[in-house]
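Please read them with the coordinates open.

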Amino acid sequence: MQAVVSDTSPLIYLTRLGLFSPLRTLYDRVIVPAAVWQEITVGGKGLPESENLQLAVTQGWIECKAPSSSQTILPSSSRLGQGEIEAILLATELRAVLLNDDSDARATAEHLGVTVSETLGILSRAKREGHLTNLKSLLDRLLAETNFHMGAAFYRKVLEGVGEHPSQP
């Protein structure tokens with residue numbers, strides 16, 4: 001297992017699915033940049049993801065850290081938020097996996113040689129490793145209960161990748 005740096009959206013989506021703690025099982029070290037901490041704990045004060053993140057940091061299984069490098073390594077045309085920028089910088093510095101659901105941020109990180117995963121990657125891995133029994137029901141909830149978007153073809157591909165069929169209950 002290795003370290004992972006998470007942006008805001010995977011932490012929110014996992015919380016909304018009641019699956020925040022599998023991050024602890026799947027990764028040796030979970031790190032959130034200072035900007036992500038601010039977005040979730042200050043911007044989302046009182047929301048479940050804020051409480052989850054604060055508790056995980058208190059328990060010591062999530063670490064809050066600021067990147068030491070500047071954003072000059074990022075393309076100047078980048079339209080990324082501060083949380084995404086810091087997450088990419090930290091993942092680059094620490095040679096960690098980046099958890100991010102934004103396509104522009106993922107492309108920027110991959111351009112810099114960072115390994116990227118997203119909420120669906122975490123859920124698929126948890127299913128493959130036996131931490132989840134049914135991914136379809138979680139994907140259905142993710143689509144129905146949050147602002148997460150995914151096309152029908154990709155939905156089928158994700159489920160088939162973990163041995164489930166889209167029409168299974």
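1. A residue counts as buried when its relative accessible area is under 20%, and as exposed when that value is over 50%. The model discussed here is predicted. Tyr13 has a relative accessible area of 9%, so this residue is buried. Phe148 also comes out at 9% and is therefore buried.

2. How many aromatic pairs does the structure hold? There are two. One of them joins Tyr13 and Phe148: the ring centres are 5.2 Å apart and the planes stand at 85 degrees, which is over the 60 degrees required, so this pair is edge-to-face. Tyr13 belongs to helix H1 (residues 8-16), while Phe148 sits in the loop between helix H8 (135-145) and helix H9 (152-161). The two residues are 135 apart in the chain, and their pairing links distant parts of it.

3. The other pair is formed by Phe20 and Trp61. Here the centres lie 5.6 Å apart and the planes make an angle of 65 degrees, so this pair is edge-to-face as well. Phe20 is found in the loop between H1 and helix H2 (22-26), and Trp61 in the loop between helix H4 (48-59) and strand S3 (62-65). The pair therefore ties together parts that are 41 residues apart in sequence. Phe20 and Trp61 are both buried.

4. A charged side chain also meets an aromatic ring: Arg125 lies over the face of Tyr27, at 4.8 Å from the ring centre.

5. Is Gly163 buried or exposed? Its relative accessible area is 62%, which is over 50%, so Gly163 is exposed. Gly163 lies in the segment after H9. From C-alpha to C-alpha, Gly163 is 12 Å from Gly130, and the two are 33 residues apart in sequence.

Conventions
Residues are numbered from 1 along each chain as its sequence is written. This is a predicted model: local features need pLDDT of at least 70, side-chain atom pairs count only at pLDDT 80 or more; totals for chains, interfaces and linings use all residues. Side-chain values use heavy atoms; hydrogens and water are left out. Rings of Phe, Tyr and Trp (its six-membered ring) pair if their centres lie within 6.5 Å; planes under 30 degrees apart count as stacked, over 60 as edge-to-face and the rest as tilted. Helices (H or I, at least four residues) and strands (E, at least two) are DSSP runs, numbered from the N terminus. Buried means under 20% relative accessible area, exposed over 50%, partly exposed in between (1.4 Å probe, protein chains only). A charge sits over a ring if NZ of Lys or CZ of Arg is within 6 Å of the ring centre and within 35 degrees of the ring normal.
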